[in-house]
Amino acid sequence: MSRYTGPKNRVARRFGVNIFGRRRNPLLHKPNPPGMHGSKRKKKSDYGTQLEEKQKLRAVYGMLSQKKLINYYKKAEKAAGNTAHIFAELLECRLDNIVYRLGFASTIFHAQQLICHGHIQINGKKVDRRSFQVKPGMEISIREKSKGNALIKENLEMCTERPEYVSCDPKQMKGQLEVVPAFDQIPYPLPINLPLVCEFLAHTC
């Protein structure tokens, strides 16, 4: 299982937004993109624009690998409906992302850690696969032995806004995905052109 271990603040500075939702905003002291000439942005080619949109999407979902993005795109392409929207829905329904949206974790990376360390249950059973596809009605909860975790408690107390497609009971430390999210309901931290990402991946497959 691959996991991103690179510099997260550099990624946030590159896109000019606190893309991972970290409490200590990496842009406060260094607002410009990384590099000697970071503040001087060059005009991008069509390929460069598509590549940047793909990198934004990767970052939003915890720096997913190219291989995983392609696999999700292929699934979306085979399904009936708008490929870009189905692609986004598949990514949004990953377990690590739902754990983050529910407020159990402070960032997508923290959510991945909670899952891998066995703190998360689905319908009462431990699941340690962060790519698990959550379906509406499934109950996501913190394991009984992990309910004393101070960091999880703090995250739940600080989380005041959640997407309308999830519901959470902070006291019981559980929640669920109510419905498959519509594309326009997904709270991306920055604009992402999904059709351009799909075009890029279609040429990569």
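## Arginine 94 and its surroundings

Leaving aside residues up to four places away in sequence, arginine 94 touches Leu64, Tyr72, Arg130, Ser131, Phe132, Gln133 and Val134, where contact means heavy atoms within 4.5 Å. This is a predicted model, in which local features need pLDDT of at least 70 and side-chain atom pairs count only at pLDDT 80 or more, while totals for chains, interfaces and linings use all residues. Residues are numbered from 1 along each chain as its sequence is written, and side-chain values use heavy atoms, with hydrogens and water left out.

Arginine 94 sits in the loop between helix 4 (83–92) and helix 5 (95–102); helices are DSSP runs of H or I with at least four residues, strands are runs of E with at least two, and both are numbered from the N terminus. With a relative accessible area of 0%, arginine 94 is buried, a word that means under 20% relative accessible area, as against over 50% for exposed and in between for partly exposed (1.4 Å probe, protein chains only).

## Aromatic pairs

The whole structure holds four aromatic pairs, that is, rings of Phe, Tyr and Trp (its six-membered ring) with centres within 6.5 Å, called stacked if the planes are under 30 degrees apart, edge-to-face if over 60 and tilted for the rest. The ring centres of tyrosine 61 and tyrosine 188 are 6.3 Å apart and their planes stand at 90°, so this pair is edge-to-face. Because tyrosine 61 lies in the loop between helix 2 (46–60) and helix 3 (66–78), and tyrosine 188 in the loop between strand 5 (174–177) and helix 8 (194–204), the pair ties together parts that are 127 residues apart in sequence.
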